Amino acid sequence: MIDKDLSVDFMGVHFENPFLLSSSPVGNCYDMCAKAFDEGWGGVVFKTIGPKHFKIDEVSPRFDELTKEGTPFVGFKNMEQIAEHPLEENLHDLKKLKENYPDKIVVASIMGTNEEDWEELAQLVTEAKADMIEMNLSCPQMTSHEMGSDVGTNPELVKKYCAAVKRGSDLPMMAKMTPNITDMVPAAKASMDGGADGIATINTVKSISNIDLDKKVALPIVNGKSSISGFSGKAVKPIALRFIQQLRTAAGMELLPISGIGGIETWQDAAEFILLGATTLQVTTSVMQYGYRIVEDMKNGLMHYMEEQHVDHLSDLIGLATKNIVPAEDLDRDYKVYPKIDWDKCIGCGRCYISCFDGAHQAITWDEEKRRPSVNINRCVGCQLCNLVCPVGAITTGEKVMKPGRQGKAEDKQVDSSRLTHF
Amino acid sequence: MSKKYETETPSYTMTTVMEEAARCLLCHDAPCSQACPAHTDPGKFIRSVRFRNVKGAAETIRENNALGAICARVCPTEKYCELACSRTGIDSPIDIGGIQRYVTDFEQQAKMDILKKGDSNGKTIAIVGSGPAGLQTATTMLERGYAVDIYEKSEKAGGYLTYGIPEYRLPQDIVDFEIKRIVNLGADIHYNVTVGKDITMDDLKANHDAVVVAVGASEAKSLSIFAGNDYVESAVDFLARVKDAKGDITDVPQNAVVIGGGDVAMDVATTLKRLDAKNVTDVAYEEFDEFRASKKELEGTRKAGVTIVDGYVPSAVDDNVVTFKHRKIDSELKIKADKIILAIGQQINADNLGINIERGVVPYVGYKTEDPKVYITGDIAKGDQTVVWAVRKGKKVADLVDQTLLGGTK
């Protein structure tokens, strides 16, 4: 079996692999975290520990899922708040985890309601021998407005609380950011100004997933009512990647240590976060659906990817895609690429014809007799929608041409993607 | 009822039907929708399922086909819609029959009432026979405002649906429910009335604006070598007897030989195995590459443990020992059985109906007879003898009658 170096150094701490459980129901007690370690996770972010005076009282039921065709868990809605176990028990679990798994990384996630709380919690988890602190500034379903994403969208509070944590502990610390904000950079900068060493993002996206059409109540129904709460899973991955890109391209934050979170369930998702600059990766939703074992294929798949990319260390891949995402105004708009239709592969379903007519530029003609599409280059704008909808990969990128009056060589334009030829 | 005899294969659930519907490519100008003899539009109803509109899917099926739940179960889809399916270019066709079954089951559970009776036009139609063609004719006529009387010689309606197709393939509850729908729409079914005996064609003609004869081909064919042999039973008699007794018959043979290679032969052989007959051998005239039974039926029969021998014809019978000869090679086969069941086809029995029959088939090209008031449909009319074709022919004859009487209201 393939064996490659997946270890990473993140905020001065060495991880045997970049995969962590994120702070959530999946890392709620000693037994859960121990099992995750046994199955190969590099670390855990223990479920957020709050101050003693804040009482957790959860609803039932508390989850919902978004589906599409036969696919469950396209997205996941969650109403749970922070750890419901007593503070002493949580601290005891942290300590025991570190004692029994000295090579694994235990991250303590904490959340306070004021500076005193934050400082005290930082102190307590440091005494419990956690390796690292994550500040939860982003949970969108707290029952107090002094906690969670209401704090994370306020840079002033963020800075103040980060400084408080730093007073209470000298452990490396990352601030977990909310995506429920137009621009994450000011909040992230405020946390760095307050002393944060890195950023974890994204937390869940505020959402309403489904509405019961008979009862006229959103799901899950909690005695006849529901609330807006956090959305996660595959559907939020594009949002997470976008925020990470914006952080890593903000002036002065090019080397910002990031723990990437948001819809990771395969090694490919993981690789995408790494290529955009994440060093560690946090996962919950796919674990809730499939269990801790998913880490096996994420690790092994990443190793095979490293082999294909000829790199010996995972860290060699961090941030390699960042520079290739540029503002829209900087893209090359001088050429277009036509689709190429392979009639041997074509099964005559006509989906390209429908999509081109109804969703693009009426550039595919349809032979009713032979059930065969062909491209009318006089109308084709090179959008490649047909390529995307073809169910058999019979349409690929074909001839490239310069737009009239533009300079340059069409054949030099780079448009091919293995993602578009995955059949 | 014997569990093995009655148990139908499980249907889809909401989740699994969505998985199957998601396999559908949702073709432009869908080939499946052009391949149904009854003009069912799978391209449309699968798209409805895919976009979570199961009620809309049920409307698409039901408005076109009064026997949608039956066709979903018994149609040899491999020869029609599934043969045309584009998905075959990737792997295997969409299970169109299975999706249709899910939708029509949903329709029943949701108590949907899709068929609507047309405003009365004062005309009345008599239909002879309540098999699938008669039922579809009745439905289309009722939708167009005609009053409909159906004359059925048996005590139950449905013809071969009720008295032929085994329970495990077509539960009687489903047949009864489809018939109830048509009765609710206004069909008046007169049971235990044999036209030509209990009532004359002239009476029907006198009391109705048109008479549609849909008596089917219910009489078993035989071979002269089996005449008078007590071990011999016809497939139609056997299947009717088993279905009527709900599988509870006392004379299940230890060793049976079934002669024939169509769906009826497969039904008989499989039924015997499901009733725990020990050895069942089916001998067919056709060789496998020209087999008449649908692949689904053939496969089910093999799975049930029936031995199938192809390419042999019966040449002699001595008491309960049948001798077969191969059609092409010099080969002989002798089988001793406690029961010999003949499934070698059916013919029309249309005595006293004024219908001209030549060598078991009618000479008419379409649905008209010499008598301007009398029409034919179903198995006695030209075309295939399947349920889906019965539905097609039922709609066609209804169109023709409507056209003739009122110039076509739709």
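A charge sits over a ring if NZ of Lys or CZ of Arg is within 6 Å of the ring centre and within 35 degrees of the ring normal. The model is predicted, so local features need pLDDT of at least 70 and side-chain atom pairs count only at pLDDT 80 or more, while totals for chains, interfaces and linings use all residues. Side-chain values use heavy atoms, without hydrogens and water; residues are numbered from 1 along each chain as its sequence is written, and chains are lettered from A in the order in which they are written.

**View 1. Arginines over aromatic rings in chain B.** Arg274(B) lies 4.1 Å from the ring centre of Tyr168(B), over its face. Over the face of Trp389(B) lies Arg392(B), 4.5 Å from the ring centre.

**View 2. Aromatic pairs in chain A.** Rings of Phe, Tyr and Trp (its six-membered ring) pair if their centres lie within 6.5 Å; planes under 30 degrees apart count as stacked, over 60 as edge-to-face and the rest as tilted. The count over all chains is 11 aromatic pairs. Phe37(A) and Tyr101(A) form a tilted pair, because their centres are 5.1 Å apart and their planes at 45°. Both Phe37(A) and Tyr101(A) are buried (under 20% relative accessible area; exposed is over 50%, partly exposed in between, with a 1.4 Å probe and protein chains only). Phe73(A) and Phe76(A) are stacked, with centres 5.2 Å apart and planes at 15°. Together with Phe63(A), they form one aromatic cluster.

**View 3. Cysteines in chain A.** For Cys352(A), the nearest cysteine sulfur, that of Cys346(A), is 6.4 Å away.

Technical notes: Disulfide = S-S within 2.5 Å.
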